[in-house]
Amino acid sequence: MVIDDEPQIRKLLEITLSSNEYVVWQAENAQQGLIMAANHPPDLILLDIALPDRSGHEVLRELRAWYNKAIIILSVQNSEADIVAALDNGASDYLTKPFRNAELLARIRSAIRRNIPENAQTVIETGSLQVDLVARVVRKQEVVLRLTNTEFNLMALFAQNIGRVLTHQYVLKEIWGVGYQQETQYLRVFVRALRKKIEDDANNPQHIITESGVGYRFA
Amino acid sequence: MAFTSIRKRPLSTQILISMSVVTGVSVGAFFLKDVFGYREIALMLLMAVSIIAMTFEIIPVLISAVASALIWNFFFIPPLFTFHINNTEDTLLFSLYFLIALVNGVLSTKIREAEKKMREKEEKAQSVKLYDTLFNSLSHELRTPISTIIGSVDALQEEKSKLSEQQQDMLLSEIAEAGERLNRQVGNLLNMSRLESGMLQPKPDWCDPEELFKQVTDKLPPHTQTIHSHLPDPAPLIKMDSGLVEHILVNLLHNAILYTPDATHIHLTLETETTSCTFIVEDDGPGFPENEMALVFEKFHRLPHSKAGGSGLGLSIVKGYVEAMRGTVNLENRLSGGARFVITIPVEISYMNQLQHE
């Protein structure tokens with residue numbers, strides 16, 4: 001379902017999405033979107049953050065009271081603060097306008113995949129990496145990596161959120177706890193250390209991807 | 001200017017200050033009246049009035065002219081402590097003094113007013129000129145990609161059957177490129193207006209320069225030049241607004257890509273001191289003409305005969321962002337040819353590599 005007040009964007013999204021065999025519902029403002037979503041809960045909502053009648057942040061909060069499937073935020077460039085706020089309020093992902101179709105479709109696929117709760121996987125694999133949450137071991141090409149305790153916790157958090165953007169604040173809170181949200185210095189140091197261990201080329205990371213001004217995405 | 005700032009004070013303050021000056025000079029002269037004759041003292045008082053005329057508005061100037069004439073008469077012209085004047089020579093002198101003080105005062109203020117008007121006129125002419133450049137540049141920079149898009153779409157809609165598949169693909173990539181260009185220009189304009197509105201507040205946070213360089217090079221359009229990154233090893237963490245720095249470096253590298261020959265080398269270097277860091281962007285291109293070096297950071301300034309594609313805003317945004325972070329930006333030509341941009345920003349540096357919380 002698309003909630004966006006710009007007819008051109010709605011048209012474009014409808015063409016792209018229906019040609020990829022998605023069924024598209026369209027709403028042109030917050031009120032219409034909320035009613036439509038309540039009547040026919042969709043698998044995914046594309047929500048424009050700047051709506052004419054109410055702010056997208058409000059719509060997001062209201063939806064999150066009962067809707068637990070994917071919500072992708074559409075926003076304009078240079079609004080990292082908006083994006084971080086939306087992600088911290090439960091948005092699954094974000095796209096900045098103008099966006100590429102390939103990117104849009106990839107984000108949608110990844111978000112819909114995460115709609116189905118995976119039955120508590122204990123071993124997560126991506127590329128040549130294997131994260132065993134129970135044995136607390138990370139293997140790269142079947143070789144066990146030597147990670148410190150915090151490095152493993154960070155790795156486990158990333159692995160359990162493959163494809164999802166995690167804001168800096170969120171990661172700091174999850175790993176170091178409440179009160180450490182401002183200590184981005186720790187995060188930088190650990191991400192750098194972790195990249196040196198898990199990436200083929202730490203300067204060209206393929207797993208821990210930086211999202212400028214927002215956070216990290218694990219692939 | 002100091003003079004103008006004094007003139008902006010309220011009239012009462014101006015009068016108070018000028019009266020104190022006149023009184024001060026008179027008291028000083030009174031003690032010296034045995035050394036100098038009373039005619040020399042008239043010159044000293046005239047001097048005081050002239051200085052007042054250089055700085056204050058007309059009313060305090062007139063008041064001090066009159067006051068100083070009366071003071072001179074009362075305290076210095078014999079017989080002392082009367083307004084009476086004995087001989088015709090002194091009467092003439094007194095009248096002349098009065099006249100000179102008035103003319104002096106009135107003329108000085110008039111000249112200053114004329115100068116002020118001239119300055120305002122020049123400023124207005126300059127802002128009209130800037131406005132014109134802005135408009136010409138904007139309409140050109142925005143209309144070119146728009147024309148490309150409209151024209152290409154027209155061709156695709158109306159003459160589709162006449163166009164080969166290859167030609168159609170070419171038109172489509174023209175549209176794509178024009179879209180990118182339009183997006184870039186609008187981005188530049190928005191950044192510029194954010195800067196000018198004074199709403200830009202740098203938000204320093206810890207950042208990993210290795211990560212920053214990767215972000216920067218990822219954001220560049222396809223290019224034939226090779227970009228070499230040089231970082232200290234190990235690279236420290238830097239506390240700065242990495243979003244702004246990213247913008248600055250992307251703008252500088254994008255410029256280098258646009259304006260240097262194919263297959264040349266571009267170097268991006270980071271050097272750190274204890275409380276600052278320096279970014280250097282160097283290229284192998286033609287460099288800048290000496291007479292243009294001071295102008296390149298001006299809004300909408302473009303080098304004569306420069307290639308299409310730039311907005312004339314990139315470097316002024318660079319300068320604005322650097323200054324918002326209280327840093328400096330310098331441009332020089334390399335001895336070996338090519339341009340070198342040097343940006344120094346005050347930052348916090350951390351070499352924390354292992355953590356106490358392990």
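Biologist: What makes residues of chain A and chain B count as being in contact, and how many do so?

Modeller: In this predicted model, 18 residues of chain A are in contact with 20 residues of chain B, where contact means that the C-beta atoms of two residues, placed from the backbone, lie within 7 Å. Residues are numbered from 1 along each chain as its sequence is written, with chains lettered from A and ligands numbered from 1 in the order in which they are written. Local features need pLDDT of at least 70 and side-chain atom pairs count only at pLDDT 80 or more, whereas totals for chains, interfaces and linings use all residues.

Biologist: Which element of chain A gives the most to the side that touches chain B?

Modeller: Helix 6 (149–159) and helix 8 (184–198) of chain A each supply at least two residues of that side, and helix 8 gives the most, with six residues; helices are DSSP runs of H or I with at least four residues, strands are runs of E with at least two, and both are numbered from the N terminus.

Biologist: Why are domain 1 and domain 2 of chain A given as domains?

Modeller: They are so given because the bounds, 2–113 for domain 1 and 123–218 for domain 2, come from an automatic or database domain assignment. Their centres, taken over C-alpha atoms, are separated by 27 Å.

Biologist: How many residues of domain 1 of chain A are in contact with domain 2, and which element supplies the largest share?

Modeller: Nine residues of domain 1 are in contact with eight residues of domain 2, and helix 4 of chain A supplies the largest share of the domain 1 side, five residues.
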